[in-house]
Amino acid sequence: MFDQKAAVERWRARLAETGSLFEADLDELESHLHDHLESLEEVGITGGDAFQTATRRLGDTRSLADEFAKVNPLLAWRAALFWITAGVLLVFGLRPVQELSEHAVIASCMALRLGKTAVSIAVWALAFASPLVFFAVLFPLARRRIESPLPWARSPVFRVGLLVGCALLMLASHLLLDWGFLYAFEKRWSVPALLAAYDAVGNASYALAVAAPIFLVVVAVRQRALAMKNRAAAAPLFWLAVGIFVGAVRCELHLFVREAAMACASVAKLGPAQMNALMWIVTLGCPLVLFASTYGYLRHGAPGPSRVLRAPFVLVVMAASGAMAIAAVFLTNPIASSARIPSAVALAAWNAWFLAGIVTSCALPVIVGGLMLRTLRAGTLALRVD
Amino acid sequence: MSRAKNDAPEENPRPIPKGLVAASATPLVLSILARGDSYGYAIIQRVRELSAGRLEWTDGMLYPILHRLEEQGLIRSFWQESETGRKRKYYRILDDGRRALDEQRAEWNAVHAALSLAWPGRRAGNV
């Protein structure tokens with residue numbers, strides 16, 4: 001005996017799995033299926049035959065999902081967005097960890113009274129080894145979750161822990177590094193040796209800032225090629241690489257924008273109050289513009305993620321922004337040293353920079369995390385248009 | 001892929017190509033809704049009747065079209081219980097939809113008029 005109810009449920013579950021349809025879409029298609037089954041029953045066709053005919057007429061799962069993806073762009077982007085935001089959040093969260101561990105390495109070297117060369121080697125090793133270890137752990141972990149990237153991320157403990165953890169880390173890094181509390185603590189060791197160690201940190205971070213975009217573009221190109229070769233429906237590792245890339249490039253461009261704003265202020269001879277306002281606008285405005293434009297693009301007229309993946313322009317955009325970030329690494333310092341601003345204005349700038357930095361430290365994980373959770377939940381949202 | 005049965009021997013039973021089906025979908029849906037509220041399954045049945053089975057739609061593809069028209073503000077949808085007690089999503093044409101339909105009708109008439117004049121066997125000005 002053919003169990004029609006169970007068959008309809010299975011068919012609906014398969015469609016739901018594609019992630020491109022809202023609950024209301026599924027309701028509507030199911031209602032259509034019942035309409036068709038009823039009319040087939042009237043002419044004496046029932047059971048498995050009727051079900052086969054009706055579902056074939058509705059269209060196969062893949063092409064239905066593709067068509068619905070065009071009208072539900074944000075929903076179709078759910079999985080890709082999850083991995084992109086995960087990548088961005090990882091960079092935001094782990095960069096302070098990297099910075100703080102650099103200081104831990106310096107402190108240990110000082111305590112052990114190691115020579116300059118040993119300190120440099122330790123700092124350089126940490127700078128390059130930690131991202132490589134991170135990739136070696138992260139990618140296999142993510143690959144195992146290809147089929148279902150979401151279950152562990154649904155746990156409330158995980159969500160809250162991730163967001164609060166990121167915010168606290170960034171706050172700690174602002175207070176300890178930018179406000180110099182750590183330096184005040186480290187000063188009890190010999191200052192010249194400390195400055196030499198900081199030099200090594202600075203050089204290593206320049207090298208890393210140049211290497212990271214190139215490395216990440218190569219990773220993305222490779223993941224894209226793999227996804228296209230396997231004809232995979234989703235390419236989580238590609239989008240994860242894109243997210244990490246965005247996070248890394250953002251850090252460089254952010255510093256560049258700050259120094260450029262300072263240079264502009266010096267040319268325009270801004271007063272302290274104006275400088276203060278400019279810094280707030282720059283610090284809060286850049287991420288907001290980035291979010292608004294991404295959201296707008298995805299909401300209106302973006303093709304589905306698999307189409308974007310296949311389009312070569314993604315790689316062109318990545319290469320261009322990577323080149324910009326690398327250029328920024330070399331331009332930031334000359335621009336900074338060219339700025340001639342009175343100390344009162346500089347103080348206003350730094351204060352605004354720190355305070356706005358703390359605001360963004362707290363707000364960014366909330367915004368990025370909120371977006372991530374929204375895209376997660378969208379799959380189960382029952383949007384009814386009653 | 002089901003094909004229309006060759007009921008009328010003098011007619012070519014070949015289904016109409018995809019491009020034409022897609023191009024005519026919006027004006028057909030709007031015209032059907034202009035005659036009264038309707039729901040997906042009934043709209044598809046009506047299209048089959050009107051085209052004597054030659055306009056073959058994959059049923060599921062109608063819904064993205066309806067949703068796009070709704071997003072454009074040409075139609076609106078509402079859930080309502082059918083005679084059998086099941087909930088169905090009905091669509092109603094809006095004023096903007098009627099205006100869009102008028103425009104599309106003028107365009108299709110222009111295409112039709114041009115083709116009528118151009119078909120071999122007829123001379124220009126002798127329709």
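A salt bridge here is a side-chain nitrogen of Lys or Arg within 4 Å of a carboxyl oxygen of Asp or Glu. By that rule, the structure holds 13 salt bridges over all chains. This is a predicted model, in which local features need pLDDT of at least 70 and side-chain atom pairs count only at pLDDT 80 or more, while totals for chains, interfaces and linings use all residues. Residues are numbered from 1 along each chain as its sequence is written, chains are lettered from A and ligands numbered from 1 in the order in which they are written, and side-chain values use heavy atoms, with hydrogens and water left out.

**Chain A at a glance**

- Chain A has 16 helices and zero strands; both are DSSP runs numbered from the N terminus, with helices (H or I) needing at least four residues and strands (E) at least two.
- Of the 386 residues in chain A, 42% count as buried, where buried means under 20% relative accessible area, exposed over 50%, and partly exposed in between (1.4 Å probe, protein chains only).
- The accessible surface of chain A comes to about 19500 Å², and 68% of that belongs to carbon and sulfur atoms; the areas come from the Shrake-Rupley method with a 1.4 Å probe, and for residues only the protein chains shown count as cover.
- Take the contacts (heavy atoms within 4.5 Å) in chain A between residues at least 6 apart in sequence: 83% of them join residues at least 24 apart.

- The size of an interface is often given as the accessible area lost when the parts come together.
- Chains A and B bury about 2200 Å² between them, 53% of it on carbon and sulfur atoms; buried area is the accessible area (1.4 Å probe) that two parts lose on being put together, summed over both.
- In chain A, the residues that lose the most area to chain B are A:Glu28, A:His32 and A:Arg57, together 30% of what that side buries.
- The contact takes 25 residues from chain A and 26 residues from chain B.
- Across this interface the rules find four salt bridges and eleven residue pairs in polar contact, both residues at pLDDT 80 or more.
- A polar contact is a pair of N or O atoms within 3.5 Å; within protein, one must be able to donate a hydrogen and the other to accept it, and residues adjacent in sequence count only if both atoms are side-chain atoms.
- On the side of chain A that touches chain B, the elements giving two or more residues are α2 (23–42), α3 (47–58) and α4 (61–71) of chain A, and α2(A) gives the most, with twelve residues.

**Salt bridges worth a look**

- Between the chains, A:Asp35 pairs with B:Arg86, their closest N and O atoms being 3.1 Å apart.
- A:Asp35, A:Glu38, B:Arg86 and B:Arg88 are linked in a network of salt bridges.
- Within chain A, the side chains of A:Glu30 and A:Arg12 meet in a salt bridge (2.8 Å, N to O).
- A:Glu30 lies in helix α2 and A:Arg12 in helix α1 (residues 4–17) of chain A, so this pair ties together parts that are 18 residues apart in sequence.
- Within chain B, B:Asp59 and B:Arg48 form a salt bridge with closest N and O atoms 3.3 Å apart.
- B:Asp59 counts as buried at 0% relative accessibility, and B:Arg48 is buried too, at 14%.
- B:Asp96 and B:Arg99 form a salt bridge, 2.6 Å between the closest N and O atoms, and both lie in helix α4 (residues 95–118) of chain B, three residues apart, about one turn of the helix.
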